[in-house]
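Take a look at the structure below.

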Amino acid sequence: PRLELNGTAAQLVSGIGPVQNSVTFVINNPAGITLGSPLALSYNLTLMNGKINTTAINLLTLLDNATVSGSSASSFVNGPMKKTGDDPFVFPIGKGSILAPVAVSGGTGATVSDEFTAEYIRSNPQGTYGGCPAFCTPGLDHISYVEYWNLERNAGIATKQVTLAVHALSFCKLLASTYVSRRDITQWTNESTTISFGPVACGTGLECGTLTTTGALASFGVFTLATDQPFSVNPLPIRLSSFVAR
């Protein structure tokens, strides 16, 4: 069975309850859809074209063993989404025209009742949480000025390896010197990080790929990208130092 939302005008989806059994829920509307109530999917979400706009109240949840396919820069979840269960999972989240997934995998203690919620924020994390050197683990030069991820463990005690996407608008010049960083109460951590994909060229002098924590994390919250290199080597992103207008 297949439930497809298509068309050319923005659609509001509300009051339908959980989509149960082996029903594939398909988004195929370039104008996107907005959830007017919580929506839970138990089988598959297929992102063909268009974004799903969610909020913390009108939340999209994928239940245990549910899967996602087809995310792209034109089709992702714009807002928070939740995944329940013990599966490794890539959250197809983003903002604007940016697909910026975060993934959880591996670790220990996973159960079918685990819950994780993720959202991509296209904003400067330093404005809320501070930056380097005052709020960073020694050795880090700076963190991102443009993006961060909220990844919360809502239920369970599972540890997880965390994977962040480094895309063209992360403005990374040197993937090998870029690390997953988590806000740990008072400072940004420098997590032991492995390049799980890349680097690949993705613009003038930029590198893209994915970064995964080497070990499983027991604490979650706010994540961003960090580097031990100066701006001239690895900007994350280019910093505006002056501006003159007439």
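Two strands pair if DSSP finds at least two bridges between them. Strands (E, at least two residues) are DSSP runs, numbered from the N terminus. This is a predicted model, in which local features need pLDDT of at least 70, side-chain atom pairs count only at pLDDT 80 or more, and totals for chains, interfaces and linings use all residues. Residues are numbered from 1 along each chain as its sequence is written, and side-chain values use heavy atoms, with hydrogens and water left out.

Start with the hairpin. Strand 22 (residues 193-201) and strand 23 (residues 207-213) run antiparallel, joined by six bridges. T193 faces T213 of strand 23. Five residues lie between the two strands, and G203 in the turn has a positive phi of about 135 degrees.

Now the rings. Six aromatic pairs occur in the structure. F89 and F91 make an edge-to-face pair, at 4.9 Å centre to centre and 90 degrees between the planes. Rings of Phe, Tyr and Trp (its six-membered ring) pair if their centres lie within 6.5 Å; planes under 30 degrees apart count as stacked, over 60 as edge-to-face and the rest as tilted. F89 and F91 are both buried (under 20% relative accessible area, 1.4 Å probe, protein chains only). The charged end of K83 sits over the ring of F89, 5.6 Å from its centre (NZ of Lys within 6 Å of the ring centre and within 35 degrees of the ring normal). Elsewhere, ring pairs link Y129, Y148 and W188 into a cluster.

Note on methods: Helix = DSSP H or I, 4+ residues; strand = E, 2+ residues; numbered from the N terminus. Buried < 20%, exposed > 50% of the residue type's maximum accessible area, 1.4 Å probe, protein only.
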